[in-house]
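Here are a few exercises to work through. Have a look at the structure first, then try each task before reading its solution.

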Amino acid sequence: MAYFMSLRRLLAAATAVACVAVTAGTLAPAARATDKKMTVAYVAPSLDISYWQWVAYGVQTEAAKLGMNYVGMTSENSPGTQMNNIHTALVRGVNAIVIGPVSSSSTPPVLRLLAQRHVPIAFTGIGPQPGQTDYTSAVTANNYETGKAEGTFVCNLAKALGGNKVGMLSLPQDRENAQKYLKGAKESFAADGCDLVQVLQTHGLTVNEAVQEANDLLTGHPDIKAIYGMYDEAATGAVKALQTRGLIGKIGVATADGSPETIKELRQGEIQGLFLQEAVGQGIDATQQVYNALTGKPVTKDIPLAEPLVTKETIDSPQAQATIKRVYPPSAGAF
Amino acid sequence: MDRAPETAASAPARTGALRHIVSSYRSEIAIALAIVVLELALGIFVPNALTMGNFSDIAQATAPLIIMAIGVLLVVMTGGIDLSVGSVFSLVGMVTGLVMDSGFSSTIATICGLVVGVVFGAINGFLVTFVGLAPFVVTLITYAVAGSLAFIVTNGHSLPINDQGYWLLNGGHIIPGMPNFVLFCIILLIVVEFLLRRVVFGRWIYAVGSSPGAARLLGIPVHLVRFSVYVISGLLAAFASVLTVSYISNAEGTAGAAMMLQAIAAVVIGGASLFGGTGSAIGALLGALMITVIQNGVNLIGVNSFWQGSVTGLVILIAVLIDRVSKARR
């Protein structure tokens with residue numbers, strides 16, 4: 001009896017496997033025959049942060065414009081998952097990869113693998129580990145120069161408000177971009193005569209956390225005259241804390257990134273300066289570079305995008321509006 | 001003449017009541033003292049730490065965590081766990097923001113948010129109680145689903161709250177001089193503490209957590225108790241969320257990401273056992289307060305915030321060890 005049961009199970013399993021094989025065998029060539037377009041895969045470090053979603057939007061729209069298929073993947077902030085995604089993308093037969101790596105240090109094995117397979121790869125947001133050369137292009141923000149420029153802006157803001165002490169709401173300092181922002185800002189503060197009294201780092205990049213940190217900053221250092229935000233939610237959190245304390249206009253705020261929320265706050269005079277980081281633009285430019293590589297056109301190895309400053313006075317200029325359209329998609333909110 | 005014996009009799013009665021309170025809330029008193037000592041020590045380094053402004057900041061920062069932690073406490077007391085509260089917190093915020101963004105009133109949006117919390121609590125309760133799945137597995141699933149839905153409902157975008165009056169839910173004053181977030185915490189504390197100490201249902205929660213088999217033999221509706229605590233936990237996570245949305249005028253898909261572990265930590269610091277059967281609302285409140293005071297202190301002193309997790313972990317370890325030693329002595 002047990003023998004027959006085992007036999008029946010074996011037959012059922014064999015039939016199931018055969019059905020799957022026949023179906024896959026029938027459909028796959030048909031799919032291949034109808035789909036000759038090139039495919040670009042975008043591997044994001046995570047999609048819980050708007051920034052990476054906006055890069056994805058840039059990749060997707062540019063891919064559509066160039067007649068490419070688009071595949072999106074997320075690495076959930078894990079180098080292991082990132083590597084698995086790359087393998088999966090290769091199995092799916094993608095022609096090129098645009099990646100926002102989990103970290104710069106996670107990139108060497110990815111680059112080794114893609115170099116072996118001759119698949120072009122472009123970086124967005126975070127670049128490859130220094131010393132790596134086997135990549136098509138790296139489209140990143142110039143965080144160091146922006147850090148310097150924002151440092152000067154924030155210092156002048158503090159001086160205009162009658163002091164020279166400033167506080168900072170920082171991205172986690174284990175990130176290369178955060179370190180570059182901080183390095184640039186510190187150099188500017190030293191050169192311009194401002195005192196950076198405290199740097200508080202975020203863990204979750206939420207507004208709620210930034211409100212608490214801004215409150216702590218203001219409690220610990222009531223004499224600060226300006227707050228340097230390194231990410232969008234920092235500025236929104238700082239504005240909320242200042243509103244509660246009746247300090248809007250008495251303490252200045254500037255930040256990097258840009259979103260519908262911070263642009264609204266800029267227009268209302270709650271934020272004085274915004275250094276726009278072109279998330280969508282990074283996706284567009286990176287996709288263009290891998291497309292160029294696939295079609296034999298010239299590529300640009302390193303594209304450090306500037307983060308231009310916009311203020312309440314310049315926000316509606318054609319130049320600023322064109323830049324904002326490269327920051328976030330229309331679905332995120334008003335420009 | 002009549003008053004003398006009355007006073008003489010009431011004095012020992014008062015002493016007895018005080019002794020009873022001290023004995024009942026020994027762990028909680030220890031935590032409260034620890035918080036006071038921590039705050040005073042912080043005041044030595046940063047005098048502004050002891051200002052009313054900073055106390056108000058701490059109260060505001062800890063209010064949503066207190067509300068969430070009290071919900072988690074009830075689940076933990078029955079021997080369960082609710083890992084979904086952080087994701088439910090995020091999802092409720094997004095739903096509330098989305099409903100408001102779609103043109104509905106803030107009242108309807110808030111109710112929708114609370115309903116989402118109740119629904120997730122009911123799903124947890126149903127699967128744990130009536131299907132018999134492990135609470136860890138069930139709430140891990142709903143944690144993942146709610147976290148995912150929090151992004152799906154708005155395609156990942158955060159939502160600014162444009163209703164100018166919505167902040168009143170959190171920052172308004174139903175009672176003059178007392179912000180609503182403080183009032184809500186006090187009401188919740190009193191209601192839950194009264195429920196646990198004086199209402200039959202509360203005693204059932206202790207009984208189910210201590211020994212579900214014995215509780216069943218005693219005729220306690222174990223299924224009903226278990227189902228109810230998950231629903232309450234979902235509701236309170238939702239309420240904490242709408243309060244936060246009201247405070248920061250913003251809904252974010254990641255808003256609750258860090259809160260689940262903090263809520264469980266608050267419950268454990270507050271003296272509850274993860275095996276069930278023990279715990280108090282005051283303990284959960286003090287646990288939440290302890291976590292916020294540590295975060296506040298680390299920020300004020302200027303310690304690298306990477307250390308926050310280590311400091312919180314150390315405090316939890318000390319709290320658990322003290323609790324174990326004091327129980328062993330008893």
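**Exercise 1.** Find which residues lie nearest the centre of the second largest pocket.

*Solution.* Start with the term: on a 1 Å grid over the protein atoms alone, a pocket is an open set of points where a 1.4 Å probe fits, with protein on both sides within 12 Å along at least five of seven lines, and lining residues have an atom within 4 Å of a point. Next, go to the centre: L47(A), D48(A), Q53(A), G147(B) and F151(B) lie nearest to it, out of 31 lining residues. This is a predicted model, where local features need pLDDT of at least 70, side-chain atom pairs count only at pLDDT 80 or more, and totals for chains, interfaces and linings use all residues. Residues are numbered from 1 along each chain as its sequence is written, chains are lettered from A in the order in which they are written, and side-chain values use heavy atoms, with hydrogens and water left out.

**Exercise 2.** Work out which helix gives the most to the lining of the second largest pocket.

*Solution.* Helices are DSSP runs (H or I, at least four residues), numbered from the N terminus. Those supplying at least two lining residues each include α2 (50-65) of chain A and α4 (85-101) of chain B. The top giver is α6(B), with six residues.

**Exercise 3.** Find the cysteines that the disulfide joins, and say whether they are buried or exposed.

*Solution.* A disulfide is a pair of cysteine sulfur atoms within 2.5 Å. There's one over all chains, and it joins C155(A) to C194(A), S to S 2.1 Å. Both cysteines are buried (under 20% relative accessible area, with a 1.4 Å probe and protein chains only).

Terms used. Buried means under 20% relative accessible area, exposed over 50%, partly exposed in between (1.4 Å probe, protein chains only).
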